Amino acid sequence: MNLFKIEAGTAQHIGNRPRQNDRVAMLTGARAPGHVLAVLSDGINSAAGAEQVLHTAKQVFDSFKPSDTPNPERLAQLLRDIVQETHLVIKMNAVTTGEEAHASFVGLLLSPHGEAVWAHVGDSRLYRFENGDPVLRTNDEAYIEHLVSLDKLPLDAARNHRRSKLLLNVLGNSRKEPFVTVGWQMGMAPGDQFLLCSDGLWHFFTDAELGAALARSTPRQASEMLISKARERSQGKGGNCSMAIVKLVKALPEGTGVFGVAARE
């Protein structure tokens with residue numbers, strides 16, 4: 001078992017929109033001691049889809065019983081289950097209400113074995129840093145390959161898939177099943193840092209800027225600074241801005257995990 005503790009928090013700002021459609025949470029599982037799940041979702045046109053993401057994530061995580069040894073594929077399946085069950089519920093709700101809700105998804109699951117597993121659908125992102133240095137950012141490359149190989153789209157058309165509602169990769173789309181991109185890293189250690197965020201944040205920063213903010217500040221301080229700078233750079237045209245920050249730091253003598261809660265605006 002790796003000796004690190006977790007400093008984490010969430011933050012949001014409505015930006016220049018009439019309502020907040022993003023949702024973000026840090027969760028612990030009822031049957032998974034030492035495991036932490038960060039979830040962020042951007043609801044499209046309303047918060048209904050994003051609300052369902054968090055509700056389903058909590059239900060699925062609470063019923064999850066982890067392995068006694070490292071098993072990243074099993075953790076990845078948990079994230080896939082959250083996506084698929086949320087997608088199904090949103091589509092069922094649409095039959096009742098007559099209104100189709102859509103939402104993005106990005107999730108990060110950390111285990112006491114030093115595993116970090118993540119998954120995403122849509123344009124919400126996950127970043128991984130090592131002592132502030134960018135080492136990974138989720139992207140659409142796997143989805144583009146999927147469109148080319150299975151949907152037989154030309155490469156140029158696949159790269160421009162976001163321009164077509166028929167190809168929109170989101171939870172709740174009645175025309176297409178969500179394509180889930182999954183990744184993981186073993187052997188997490190102090191100095192590893194993660195950022196989950198909606199496009200209202202990442203649109204305004206380089207990877208290096210985000211890494212520097214996380215490296216030199218607590219989650220609360222970093223979130224406050226990033227929100228302030230995003231509002232400044234958006235020049236009155238910013239969208240909903242949400243994030244979850246997770247930092248692994250040197251453990252306390254007893255090796256217990258500690259959470260710090262970031263500011264909400």
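Strand β3 gives the largest share of the lining of the largest pocket, 3 residues. The model is predicted, so local features need pLDDT of at least 70 and side-chain atom pairs pLDDT 80 or more, while totals for chains, interfaces and linings use all residues. Residues are numbered from 1 along each chain as its sequence is written, and side-chain values use heavy atoms, without hydrogens and water.

**Largest pocket**
- The pocket holds about 400 Å³ of space.
- Its lining comprises 23 residues, and Arg-17, Asp-42, Gly-43, Asp-123 and Asp-199 lie nearest the centre.
- Two or more lining residues come from each of β3 (32-44) and α5 (199-202).
- The lining has 5 nonpolar, 10 polar and 8 charged residues.

**Ser-198**
- Ser-198 lies in the loop between β10 (192-197) and α5.
- Ser-198 has 0% relative accessibility and therefore counts as buried (under 20% relative accessible area, 1.4 Å probe, protein chains only).
- The side chain of Ser-198 reaches the backbone oxygen of Asn-240 at 3.4 Å.
- Beyond four places in sequence, the contacts of Ser-198 (heavy atoms within 4.5 Å) include Asp-22, Leu-40 and Ser-124.

**Aromatic pairs**
- The structure holds 3 aromatic pairs (ring centres within 6.5 Å; planes under 30 degrees apart are stacked, over 60 edge-to-face, the rest tilted).
- Trp-118 and Phe-194 are a tilted pair, because their centres are 6.3 Å apart and their planes at 50°.
- Trp-118 is in strand β6 (residues 116-121) and Phe-194 in strand β10, so the pair ties together parts 76 residues apart in sequence.
- Tyr-127 and Phe-129 form a stacked pair, with 6.0 Å centre to centre and 5° between the planes; both residues are buried.

Conventions. 1 Å grid on protein atoms, 1.4 Å probe; cavity = no way out; pocket = protein on both sides within 12 Å on 5 of 7 lines; lining within 4 Å. Points joined across faces, edges and corners; volume = space filled by probe spheres on them. Helix = DSSP H or I, 4+ residues; strand = E, 2+ residues; numbered from the N terminus. Nonpolar A, V, L, I, M, F, W, Y, C, P; charged D, E, K, R; others polar. Buried < 20%, exposed > 50% of the residue type's maximum accessible area, 1.4 Å probe, protein only. Polar contact = N/O pair within 3.5 Å; in protein donor to acceptor, adjacent residues only side chain to side chain.
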